[in-house]
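Visitor: Can you walk me through this one? Keep it brisk.

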Amino acid sequence: MTPVEAERPRALLAGASRRWVRLLPWAVAFVLCVALLPTTIVVLSADYGLNGGLASALAVAQAAPLLLAVVRPLQAWYVVFAADVAGALALLTVDFQERLLWPFPPMEIVGYIGLCLALGLSERRRTLLLVWLATAGANVGLGFVPPHGTDAKDLLFTILGGVALLLGGALRERSEVQRRLVEQETISEAERGRRTLLEERARIARELHDVVAHHMSVITVQADTAEYRLAALPPDVREEFTSIAATARESLGEMRRLLGVLRNEEAHGELVPQPGLAQIGQLVEATARTGGPVDFTPCDAEVPEAVGLSAYRIVQEALANVVRHAPGAATHVSLSVSGPADEQGDGRGERQGDERYEWRGGQRLTVLVVNEPPPEPPAGPLEVGGTGHGLVGMRERVRLVGGTLDVGPLPDGGFRVAAQLPLTEEDIT
């Protein structure tokens, strides 16, 4: 909420959920104004014998502010209260029948009751008490100069005004209590949802630890001890087991960092360097050892850390998909830095969702992973129950740095993953 909106007065019952309730104060104020304005003029001039011009001025001052009371009841009270007191003093200058009420005729009492009800619905207790004391003080003070003696009916203005103030204040406080209860219930519901989320994250962490982390530990131990348990291992096989153990340990370390984040939402993981372009070569070597030839064109350019990490994860996921879905296929991985208007076109790219945009400046890193069809169709899926989150994760990483991603099958049966990541600060979003 802006300061202007905070200072802007709100109409009575403006926070109600139903439209007719929000319009009710305006309707009541309009009816009172329309009914009391001519009635006051007629009564003051015809019954009390007040001058027509003065009666009209008093009627406007006593009835018209009732419309203002919907948004500014206290300011309207100042005007109406002063007009009512002025009207009582003006009636002392004319001779009217003793049966007529003084100092406040009935139509003034009706309008004042509606005004006090509006005050009770909007103002604090202290303000309401001061308003009632001012009302009682004026009523009692005028009682010292009655034209026809005093009567209990002369106090109706104070009594009924006080009842309206009390009723409006009670309704306002009841509404405030209900509003706070709803807010508290909303907060409690949010806390319950947060607690449920934390409990679910802790449960997932336990399951990952009990299942995945345990199996990864077993793989690491078996690979590390293979050369001691198996006699006469060829050097290349021993090197393969060493590579398996190193990869398993690295995966186990990442798994433990993930478990730490799942167990504690405030955890930020271990303060270890994140992988970047320099570590992509290790990914390529690990993939090549699985049996599929990989051709790698590296790039030793200095890139922002976020871009290097995104490139690493994109290549990691693309090579993992090759191993899963095209085992043994020849794969080409290349990293290159180019300007905004090289052979790829006119410096325009395509975001996910077919949104066209222009590179604002600088260079970009192109990450390309292309695999040919596998030598033989896979006998069966190497992974059952895959989540399909790999390509979604690629798109999200590319989107976070303001790049573009193009993925899809090739006509010859292969698959292509091409990402362009901006290298200048004004392009990285």
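**Helices and sheet**

Guide: α5 and α6 are roughly antiparallel to each other, a label for angles over 145 degrees. This is a predicted model; local features need pLDDT of at least 70, side-chain atom pairs count only at pLDDT 80 or more, and totals for chains, interfaces and linings use all residues. Residues are numbered from 1 along each chain as its sequence is written, and side-chain values use heavy atoms, without hydrogens and water.

Visitor: At what angle do α5 and α6 pack?

Guide: About 155 degrees, with the axes of α5 (residues 73-91) and α6 (residues 106-122) 10 Å apart. Axes are lines fitted to C-alpha atoms, for helices over the stretch in contact, and angles run from 0 to 180 degrees between N-to-C directions. Helices are DSSP runs of H or I, at least four residues; strands are runs of E, at least two.

Visitor: Which residues in α5 meet α6?

Guide: P73, L74, A76, W77, V80, F81 and D84. Contact means heavy atoms within 4.5 Å.

Visitor: New topic. What is the strand order in the open sheet?

Guide: The order is β1-β2-β5-β7-β6, with mixed pairing. Strands pair if DSSP finds at least two bridges between them.

Visitor: Which strands stand at the edges?

Guide: β1 (294-297) and β6 (404-409). Each has a single partner strand, so one side of each lacks a neighbour in the sheet.

Visitor: How many bridges join β2 to β5?

Guide: There are 8, and the two strands run antiparallel. H332 has V370 in β5 as its bridge partner.

Visitor: Where does pLDDT stay under 50?

Guide: Residues 341-360 are one such stretch. pLDDT is the predictor's confidence in each residue, from 0 to 100. The protein averages 81.

Notes:
Angles under 35 degrees count as roughly parallel, over 145 as roughly antiparallel, 65 to 115 as roughly perpendicular and the rest as oblique.
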